[in-house]
Amino acid sequence: MTTSNEEKLINKKISRRDMLKLTSIGVAGVAIGASGLGGVMKAMGYDVFETVADSTTASNKINFYGEHQSGIVTPVQTNIYFASLDVLVTSKKELQELFQQWTPLVVRLMNGELMVDVSTNTRVPTGDTGEAEGLDAANLSITIGVGPSLFDKLGMQHVKPAELKDLPHFPKDQLQKEYTGGDLCIQACADDPQVAFHAVRNLVRAASGKVEIKWSQAGFNSFPAGGGTPRNLFAFKDGTVNPAITDEKDLNKIVWVDKGWLKGGSYLIARKVQMHLETWDRTSLKDQEATFGRYRDSGAPFGKTKEFDDFDVEAKDDKGNYIMPDTSHVHLARKSGARVLRRSYSYASGVMSNTGTHDAGLIFISFQKDPAQFTTIQNSLGRMDKMNEYITHRGSAVFACFPGVQKGSYLGEALFNAL
Ligand SMILES: C=CC1=C(C)c2cc3[nH]c(cc4nc(cc5[nH]c(cc1n2)c(C)c5CCC(=O)O)C(CCC(=O)O)=C4C)c(C)c3C=C
Ligand SMILES: [Fe+2]
């Protein structure tokens, strides 16, 4: 379809039926054609190659441009909306155009702006779905990553990092394909659940015909007044031992990739872990604490009094027993010797239809320079982890999150330069 035809289509009175055609991925693809869809998007206000700057006046704003993407060492927000997507594009060029299109939109969203400037044309769908109107940027961070399957799908195996592969099967895994894998991910975190959801919804909508959602998960963290470590749904402080987000030396050792096109990026691992709350709630406090090797109320490791007190996993009492049980989650995780940056969120998604129990748990997210760091810890937890009695791993995915973007560039440029 030519541009003038597209303009005619936009300017003519559009019936509700036509509108449905324009907004439906599949139908629009057939009725308008892949290139025509771009024209419709443009008519809705998406200026594909515009450069947008970080706002200097927006309140509660995280910057988009920088050495690293936001949402990795950004202070943890209260909410996440995590989406794993599959691509519908069939060429590298279309994939590149997708990231070029998304880049300014991500900046706008993180500025707390609408996806497009307000349009007075009521005959076409609005460029922004509107539910974030009147809300500020809410410290929105958006992190985009690419999964192993993307490289295979689009014939890009020669630039697929050797580290980017599906995780091995772990002994207690009960993974469901509806929460596993994906070609791309969008991690949107914000201090307002609607701002996070709006970001994913609008990025996916702007990429209509190019991507589809494979699975998604909303999550939350509640911080004590005055700050401090949030508690997970087992009521334990979760996130105590983590590299400091200000410790460049540690982050370079643990989080940031230092070679190839992914330099400055990081590997994101997402695990959807169901927590069997009903079983946990029938367990004595003593057994709950032995599960972690930490006291519930203070968060202190066994044998210590304060949350951040250091401990020695090998320390024994005078009877020769480990002070921190050797089947406890923390003992086994620490003993692995590997470190990752954890950035997890709780979820509660209704009821499991087969058991009538809560469908709730942890969307465990970690960042690391090599997924092997995660695998080492998970293998150490293995069959021994006392927490296994209370959890089931249901979903899993790994993504290579792009390095940060400099103004004038776009998300993933280094990958396309390497092709
Ligand atoms: C393979 C990595 C990990 C998975 C999966 C995991 C799941 C998981 N963890 C908790 C709760 C807690 N984890 C804690 C510590 C901790 N966990 C991991 C790794 C995984 N956890 C590490 C590396 C550590 C730190 C170990 C150390 O060196 O001290 C804690 C203790 C407090 C803290 O440090 O955060 C809790 C509590 C749940 C509920 C869960 C899955 C549902
Ligand atoms: Fe843990």
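## Helix α10 and the glycine after it

Helix α10 is followed by G293, whose phi is positive, near 80 degrees; helices here are DSSP runs of H or I with at least four residues, strands are runs of E with at least two, and both are numbered from the N terminus. The model is a predicted one, in which local features need pLDDT of at least 70 and side-chain atom pairs count only at pLDDT 80 or more, while totals for chains, interfaces and linings use all residues. Residues are numbered from 1 along each chain as its sequence is written, and side-chain values use heavy atoms, with hydrogens and water left out.

Within α10, which covers residues 285-292, the residues Q288, E289, A290, T291 and F292 are buried, a word that stands for under 20% relative accessible area, with exposed meaning over 50% and partly exposed lying in between (1.4 Å probe, protein chains only). The buried residues of α10 pack against α9 (277-281) and α11 (329-335), where contact means heavy atoms within 4.5 Å.

## The loop between α10 and α11

K304 is found in the loop between α10 and α11, and K304 is partly exposed, with a relative accessible area of 36%. Leaving aside neighbours within four places in sequence, K304 is in contact with Y295, D309, D310 and F311. K304 and R294 are ten residues apart in sequence, and their C-alpha atoms are 8.9 Å apart in space.

## Nonpolar cores

A nonpolar core is a set of buried Ala, Val, Leu, Ile, Met, Phe, Trp, Tyr and Cys residues joined through side-chain atoms within 4.5 Å. The largest such core has 73 residues, of which L95, F99, W102, I142, L184 and F234 touch the most other members. Helix α5 (residues 92-110) gives the most to this core, with nine residues. A second, separate core of 20 residues includes I80, F82, I254 and F367.

F234 touches M275, H276, L277, W280, F292, M387, Y390 and I391, when residues up to four places away in sequence are not counted.

From its first C-alpha to its last, α5 reaches 27 Å, close to the 27 Å expected at 1.5 Å a residue, the expected span being 1.5 Å times one less than the number of residues. A kink of about 25 degrees lies at T103, shortly before the proline P104; the bend at a residue is the angle between axes fitted to the seven residues ending there and the seven starting there.

Just after α5, G112 takes a positive phi of about 80 degrees. In the loop between α5 and β2 (141-146) lies A138, which has a positive phi of about 50 degrees although it is not a glycine, and A138 counts as buried at 8% relative accessibility. N139, also placed in the loop between α5 and β2, has a positive phi of about 55 degrees although it is not a glycine.

## Pocket and cavities

On a 1 Å grid over the protein atoms alone, a cavity is a set of points where a 1.4 Å probe fits but cannot get out, and a pocket is an open set with protein on both sides within 12 Å along at least five of seven lines, while lining residues have an atom within 4 Å of a point. The largest pocket is lined by 38 residues, of which D238, H329, A333, R342 and F364 lie nearest its centre.

The largest cavity is lined by F170, P171, K172, D173, Q378, G382, N388 and H393.

Terms used. Chains are lettered from A and ligands numbered from 1 in the order in which they are written.
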